[in-house]
Amino acid sequence: MPALRRIAVVLILFGAALPARPVAAIEHVSVLLSESGGAYAEVAEAIHSELKGFAEVSTRLASESPGPSRAPVLAIVAVGTEACEHTARNGVLTNALLCVLVPRTAFERIAAGAGERRRILSAIVLDQPPARQLALIRIAMPERHRVAVLVGEQSMGLAAELSGAASASAMRVVTARVESVPDLGPVLQQTLRQADVLLAVPDSAIYNSQTIHNILRTTFRMRLPMVAFSPAYVRAGALLAVYSTPGQIGAQAGRSIRALLSGHNLPALQFPKAFMVSTNPHVARSLGIALPDENVLASRLHLLEAAR
Amino acid sequence: MASVGSASALKTSVSGRGRSVSAALVWVALSIGLCARAEGQRVMERSFLEDLPVVLSASRIPQSLAATPGAVTVLDREFIQATGYRDLPSLLKLIPGFHVVRERGGLSHVTYHGLGNAFPNRMQVLIDGRSVYSPYFLGGVDWFAVPVTIDEIERVEVLRGSNSTNYGSNAALGVVNIVTHVAGDRPGATGGFSVGNNSLADLELDGEWRRGDFGLRLNAEVRYDDGLGAMVDAARKGVVTIRGDHRLNLRDELSFSAGVNDSRRGLGFAGDPGNSNGLRAFRGENAFAHLRWRRALSADEEIQLGYYHNTEHATEAVTAYLPPFFPTVPIDFNRTSDRDNLDFQHLFSPTGNTRAAWGLELRRDVIRSPRLFYGANRVRQSLARVFGNLEWRLNSALTLNAGAMLERYSGRGSELAPRIFLNWQAMPGHTLRIGRSIAYRAPSMAEENANVRFYSNGYSGVLLRVSYLGTPSIRPEKIAANEIGYVGQFKTWNGVFDLRVYQEKITDLIQEIPTAAPPGVIDPRTFTFYNSGVPVLQRGFEWSYRARPGPKTQLQAGYSNLRVHAPFAGDVLEHEAPRHVTTVTWIQEWAQRWNTTLSVIRYGTYEWGSGSYHVPRYTQLDARIAYRFGPPGKPSEVALVLLDHGSRHQEFLPQTLLSKGNPIPRLAFVNLKLPF
């Protein structure tokens, strides 16, 4: 039946050429990356798949110059601190600039210096909401409610917020300021003496590949667990971490852009909605902590947040 | 005369090349220093995204892979367990640049970059900082007799290169640092056993307890198999180790470990008359005790004090015959060697951007071997070392590692082993390193003072042969290495790629040479040792790649390309290691309960044993499939392990077996692990 087959082919081709939505509704969204590949690419991929059929998405490196001028973009998603900063500084015509894969402190610094463009600036930060981190500690180790937090210049702003969240959940946060790296040891020991768990916050002056070994050794020696913000720390010896993957953050960014398309405004700052929990059972055993499985912890945390 | 002329011409050209390489190193170092300041700490999301691999042994300062002065491969417990390997040499075969030759059951030769002989002796092997490099005969490590069980190993850090700067002579080509896990980390007890073909039978026991601040661990293993088949080489060993860790207070930790390895295996060949290397039973009893104290003075300052004692005792006896007058000649090689070692180390941070480690080590070795040192009851050697290392973070992108060790053996001059490395983080996740090091391989006591005599009645009667005479004036071998390296950490698949491009120049290589036999001996074959006047030049590159494409997948691959230039003694050293080696390991967890591991090892051709046998290229295939059952907190596991499937091959072939061959048997065994 060659004729029938030909008709079928024509129909299929025609069908494929039909846009899912009327052509007029297609908007341009530009995704600008700090670096190619890796987590940045994962975010871009998730945005693409969320916006498929809703908007035309183009992706390039933030440092590359844009191609020949096209229709103005509805929104820019800047992936990474560098892309966010670059785009916030260089006025590209757009209605909204959403920064993702940025730490909260970095975004707040960029927003403070953005002047007039602050109006269109928003972010989905990498940091987990303080209440979520504290809730995880409560679920995983109900008997521990004194939380040590070390802050430096980068992370100073987080201390007050953690303390606020703690008082709402009958926990106590012991904050200590680390002025310099040599300071770190004594401050850590002193703070840990008043606490029963260490909550690491993203501050590269305090927590980095140079210091992490000694910090973990000190916590082991004092038989206290560390709760961290990335799975790498859990592999290195932290007890557990709550974090969001680049894919989860990209999907949330895609959904935010869809909300924007349907007329909603973007909140100035969003925390990641989806998250994962990672645990180190060896560390748990050696510290004598009966730790539930990471999937159990994550689903309890989800339930708790849903109930709010 | 012609040969002398060509040798000195080569020497000139080699040193000339060395200079040009150093000049290039300086130039590159300067130019990267100039452009490094552009890189700030702006890309803060790295805190969330970066991995934190930590290397402990390369400079004695905990460092990330990117800041390490040298190429390091780390094998962790999870990886080691997943391979199903029963011994350390099998694991080391997966490390690029390493060359492993299985001679027989319980006897493997391991070198980094070849230059092997029957006793490879340029690699240092440490267990929790304790050297298991043997002082006996030509030195080296008897891998089968090392008192450590596979189960207790937490990680193996392998420095691909030289590190006399930290570990003294004999850390000349390759340093294997085995770290056992802290006692009480995994409370509970597990028993395991394996049965398979080739009479394979293994038993493993692991028990751990913790009470408050005190942890105790006991490990035991028994391994038996029939060896390689063509030889009389059934091998059996029993190992028991114990470790206790006690946290005295917030600052002090005390760690004690002890262990014993009792091994028996067949050695020697059914050979010609007068052969002192005839078939014989070997029994080795190696034991150790190790005490370490660590005090943390602050988060970045600590001191460590350690003492250990190693004992190696071996018995092996053979009856040789020298017709017509000496139908039975009793020969034994019984010996005992004892090592006492005291070490101190101080780790601190002199300024905000520098960290330093310095320390001292004192050692005494005593050997009792009437065969090796005729007429001497004991031979002693003492050693003193002082070392220092500085890690200086010049800015956020540049790290300088500089260090040196000054070492002095009794009765000899001092040697200085410096090292300098500059690591430049060109972009986040991409680091280039460039460096130069000087390392030594100290002559063994036998190379200095051997007097190996064979008499018709053991140690009396007619003097039949003097096989070795030491050379008291022998100098240490010196290894000058230049390297350029790259470490890339990739988000894609969570991969880490490490490349090492090197040139290693070995001067004063210690070689055997026939010498005049003392007058009146029946068999006049006598050897002594000398320093080769022609340097050996090793050039090549190797890379390793490790990735975790997903939470249930691990990949490890490596490749080594080695060229050895040793234009003397018939060029036999040039082909002792394969030019190309490729390895790939894939570990996959399928569902909650299934795990598989597949390793492929591809060796190019080589000629082991001073060119006596040509080993054709071969592909080795190892696999493991495991099923976990029982409660998740206390899982049991049953595994099927297949080793040496792939092309049928041999790795070592002595003249006496030329017609018969010495193939590695294909092993298949089942391992069952049960908690109790």
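Predicted model: local features only at pLDDT ≥ 70, side-chain atom pairs only at ≥ 80, totals over all residues.

Reader: What percentage of the residues in chain A is buried?

Author: Chain A holds 12 helices and 12 strands. Among its contacts between residues at least 6 apart in sequence, 71% join residues at least 24 apart. Out of 308 residues in chain A, the buried part is 56%.

Reader: How many residues of helix H5 of chain A are buried?

Author: Helix H5 of chain A runs over residues 130–140 and is mostly covered. Its buried residues include A:Leu134, A:Leu136, A:Ile137 and A:Ile139. A:Arg132 and A:Gln133 are also among the buried residues. Of the 11 residues in the helix, the number buried is nine.

Reader: Which residues form a disulfide, and which elements of chain A does the pair tie together?

Author: A search of the whole structure finds one disulfide over all chains. The sulfur atoms of A:Cys84 and A:Cys99 lie 2.2 Å apart, and a pair of cysteine sulfur atoms within 2.5 Å is a disulfide. The two cysteines are 15 residues apart in sequence and sit in separate elements, so the pair A:Cys84 and A:Cys99 ties together helix H3 (residues 81–89) and strand S4 (residues 94–102).

Reader: Is the link of A:Cys84 and A:Cys99 right-handed or left-handed, and are its cysteines buried or exposed?

Author: A:Cys84 has a relative accessible area of 0% and A:Cys99 is likewise at 0%. Buried means under 20%, so both cysteines count as buried. The angle about the S-S bond is 80°, and the link is right-handed.

Reader: How many salt bridges does the rule find across the interface of chain B and chain A?

Author: The contact takes 40 residues from chain B and 46 residues from chain A. Together the chains bury about 4000 Å², with 55% of it on carbon and sulfur atoms. Two residue pairs are in polar contact between them, both at pLDDT 80 or more. The number of salt bridges across the interface is zero.

Reader: Which element gives the largest share of the side of chain B that touches chain A?

Author: Helix H2 (46–49), strand S15 (280–298) and strand S20 (379–393) of chain B each supply at least two residues of that side. By kind, the residues of the side of chain B that touches chain A divide into 14 nonpolar, seven polar and 19 charged. The largest share, four residues, comes from H2(B).

Reader: Where is B:Met405, and how far apart in space are B:Met405 and B:Gly388?

Author: B:Met405 is in strand S21 (residues 398–409) of chain B. At 1% relative accessibility, it falls under the 20% cut-off and so counts as buried. Leaving aside neighbours within four places in sequence, B:Met405 is in contact with residues including B:Tyr167, B:Phe387 and B:Leu416. B:Gly388 is 17 residues away in sequence, and the C-alpha to C-alpha distance in space is 6.6 Å.

Reader: Which side chain makes a polar contact with the side chain of B:Arg243?

Author: B:Arg243 lies in strand S13 (residues 235–247) of chain B. Its relative accessible area is 6%, under the 20% cut-off, so this arginine is buried. Not counting residues up to four places away in sequence, B:Arg243 touches B:Asp128, B:His181, B:Phe256 and B:Arg292, among others. The polar contact, at 3.0 Å, is with the side chain of B:Thr180.

Reader: Which side chain makes a polar contact with the side chain of B:Thr241?

Author: B:Thr241 also lies in strand S13 of chain B. With a relative accessible area of 2%, B:Thr241 is buried. Not counting residues up to four places away in sequence, the residues it touches include B:Pro147, B:Val148, B:Leu218 and B:Phe288. The side chain in polar contact with B:Thr241, at 2.8 Å, is that of B:Glu152.

Note on methods: Residues numbered from 1 in each chain as written. Chains lettered and ligands numbered in written order. Heavy atoms only, no water. Buried < 20%, exposed > 50% of the residue type's maximum accessible area, 1.4 Å probe, protein only. Contact = heavy atoms within 4.5 Å. Buried area = accessible area lost by both parts, 1.4 Å probe. Salt bridge = Lys/Arg side-chain N within 4 Å of Asp/Glu carboxyl O. Polar contact = N/O pair within 3.5 Å; in protein donor to acceptor, adjacent residues only side chain to side chain. Nonpolar A, V, L, I, M, F, W, Y, C, P; charged D, E, K, R; others polar.
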